[in-house]
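Subject: Structure for your review

Dear colleague,

Please find the structure below, followed by an account of what was found in it. I would be grateful if you could read the notes alongside the coordinates.

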Amino acid sequence: VVNREMARRLPGANVAPYTDCVMQNASTAELASIADAGATGAGDAVASIVGRPSTSQCIAGAAAAAKGVA
């Protein structure tokens, strides 16, 4: 569900590293809530996790690595 949401927000990108960042920075309760919400209700929860400084830093690092700048 997280991977689909990230792909929806970043069409054409390899979102697997970004999905990993979201998964690593989400609580067990948040992951369960996202799974329960399914693809149609996960957007706000994923956005909330992405908005955290630790998740944003992880995503920035993954993006830099993908560009060979890490």
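Which residues of α1 are buried? They are V2, E5 and M6, where buried means under 20% relative accessible area, exposed over 50% and partly exposed in between, with a 1.4 Å probe and protein chains only. These residues cover an arc of only 95° around the axis, which puts them on the same side of α1; the arc is that of the directions from the helix axis to the C-beta atoms. R4 and R8, on the other side of α1, are exposed. Helices (H or I, at least four residues) are DSSP runs, numbered from the N terminus.

Before going further, some notes on the basis of these values. This is a predicted model, in which local features need pLDDT of at least 70 and side-chain atom pairs count only at pLDDT 80 or more, while totals for chains, interfaces and linings use all residues. Residues are numbered from 1 along each chain as its sequence is written, and side-chain values use heavy atoms, with hydrogens and water left out.

Confidence is expressed as pLDDT, the predictor's confidence in each residue, from 0 to 100. The protein averages 91, and 97% of the residues score at least 70. Helix α3 (residues 28–41) has the lowest confidence, with a mean of 88, whereas α2 has the highest, at 96.

The packing of the helices is as follows. The buried residues of α1 are in contact (heavy atoms within 4.5 Å) with α2, α3, α4 and α5. V2 touches T19, V22, M23, I34 and V46, not counting residues up to four places away in sequence. V2 is also among the residues with the most contacts inside the largest nonpolar core, together with M6, Y18, I34 and V46; this core has 13 residues. Such a core is a set of buried Ala, Val, Leu, Ile, Met, Phe, Trp, Tyr and Cys residues joined through side-chain atoms within 4.5 Å. At least two residues of this core come from each of α1, α2, α4 and α5, and the largest share, three residues, comes from α2.

Helix α5 (residues 53–67) has 15 residues and should span 21 Å at 1.5 Å a residue, which agrees with the 21 Å between its end C-alpha atoms. The expected span is 1.5 Å times one less than the number of residues. T55, I59 and A62 are buried in α5. Seen down the axis, the buried residues of α5 fall within an arc of 60°, so they line one face of the helix. They pack against α1 (2–9), α2 (16–25) and α4 (43–50). On the other side of α5, P53, Q57 and K67 are exposed. T55 has 0% relative accessibility and touches C21, V22, N25, I49 and V50, not counting residues up to four places away in sequence. Just after α5, G68 takes a positive phi of about 80°.

The structure holds one disulfide, defined as a pair of cysteine sulfur atoms within 2.5 Å. It is formed by C21 and C58, whose sulfur atoms are 2.0 Å apart. Because C21 lies in helix α2 and C58 in helix α5, the pair ties together parts that are 37 residues apart in sequence. The torsion about the S-S bond is about -75°, so the disulfide is left-handed. C21 counts as buried at 2% relative accessibility, whereas C58 counts as partly exposed at 24%.

With kind regards
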